[in-house]
Amino acid sequence: MDTRWPELRKQCLISEDENVLALNKPAGISVTGERHDTDIVELAAAAGETLYPVHRIDKVTSGLVLLAKELPAHGELTRQFNKRTAAKAYLAVVESTGLPERGVIDLPLGVGRKNRVRIAAPRESIRRDADTWVVDQRDVLAGKNYPSITEFATIAATETHTVLALRPITGRRHQIRVHLAWIGHAIVGDPLFDRSGTHERTYLHSWRLGLDASWRTPPRLELEADPGADFWQFGETPVTFDPDQLSSFAAVPFLD
């Protein structure tokens, strides 16, 4: 992977205008704030380009990253993330089967030892109510906890794996990764829960993003980043799904 900024910028470019830059970030590169890792914002700065991250995705996550080139646009866009009006969708591959066509994970998050995000309730208290995973309020642990909701749709499967489209309603740190793992459907290759090193990447991808953008005509920013070929092959089993069909899922209600 070429980490020289001009080459990386060109290879990953999705969309650009006078105010924003959208990139399809490879897994393994941080967005910002990493001391010892490759960092998009620092790479750009070293090459003379100042960028302001509108949001972050984890280093291990590939896909859509939006960066502002001007501070007024940065403020306008980040406010939508803070108010949870930004429309976000991810793709993930889980090493399991049996998930419903549509589902909701409504589980509060907290922070445990070593600053690790976890469900703010005992694992055994999680129950499935129809196609929603919940805990009773009496089982929520004392201390700070944060209501967190993830919606998902099953879009493809093999005999051993499932591909999901997901919408994190609340957007907490590690929300999708922790929610899926704690209901028994961990993301393939996620180092938070699998330290075997078996997989070359984590199968989580930032896929779609929609925000209001007052400087555009019409005043809307709709972005999509297709996963690379590596996302559709895990182990020796390719997913039985044509990636070109992804566009059809634009009509799924929670992805609008």
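Which residues does Leu204 touch, not counting residues up to four places away in sequence? The first legend has the reply, after a word on the model.

This is a predicted model, in which local features need pLDDT of at least 70, side-chain atom pairs count only at pLDDT 80 or more, and totals for chains, interfaces and linings use all residues. Residues are numbered from 1 along each chain as its sequence is written, and side-chain values use heavy atoms, with hydrogens and water left out.

**View 1. Leu204 and its contacts.** Leu204 touches Thr61, Ser62, Tyr90, Leu91, Ala92, Ile176, Arg177, Ile187 and Phe231, leaving aside residues up to four places away in sequence (contact means heavy atoms within 4.5 Å). You will find Leu204 in strand 13; helices (H or I, at least four residues) and strands (E, at least two) are DSSP runs, numbered from the N terminus. With a relative accessible area of 3%, Leu204 is buried (buried means under 20% relative accessible area, exposed over 50%, partly exposed in between, with a 1.4 Å probe and protein chains only). Ala27 lies 177 residues from Leu204 in sequence, yet 8.8 Å from it in space, C-alpha to C-alpha.

**View 2. The largest pocket.** Here the volume is about 890 Å³. On a 1 Å grid over the protein atoms alone, a pocket is an open set of points with protein on both sides within 12 Å along at least five of seven lines, a cavity is a set where a 1.4 Å probe fits but cannot get out, and lining residues have an atom within 4 Å of a point. Grid points are joined across faces, edges and corners, and a volume is the space filled by probe spheres set on the points. Of the 34 lining residues of the largest pocket, Arg56, Asp58, Gly171, Arg172 and Arg173 are the closest to its centre. Helix 3 (71-82), strand 5 (87-94), strand 12 (162-168) and helix 4 (175-182) each give at least two residues to this lining.

**View 3. The largest cavity.** The structure holds 1 cavity of 30 Å³ or more, and the largest cavity has a volume of about 40 Å³. Its lining is made of His55, Leu64, Lys88, Ala89, Tyr90, Ser206, Arg208 and Leu209. Strand 5 and strand 13 (204-212) are the elements that supply two or more of these residues.

**View 4. The two sides of helix 1.** In helix 1 (residues 5-12), look for the buried residues Trp5, Leu8, Arg9 and Cys12. Seen down the helix axis, these buried residues fall within an arc of 100 degrees, so they line one face of helix 1 (the arc is that of the directions from the helix axis to the C-beta atoms). They pack against strand 1 (13-16), strand 2 (20-25) and helix 2 (40-46). On the face turned away from the buried side sit the exposed residues Pro6, Lys10 and Gln11.

**View 5. Backbone details in three loops.** The peptide bond from Thr217 to Pro218 is cis, with omega near -5 degrees, and Pro218 sits in the loop between strand 13 and strand 14 (220-224). Asn115 is not a glycine, but has a positive phi of about 65 degrees; its place is the loop between strand 7 (109-111) and strand 8 (117-119). Ala130, also not a glycine, has a positive phi of about 60 degrees and belongs to the loop between strand 9 (127-129) and strand 10 (132-134). Asn115 is partly exposed at 49% relative accessibility, while Ala130 is exposed at 61%.
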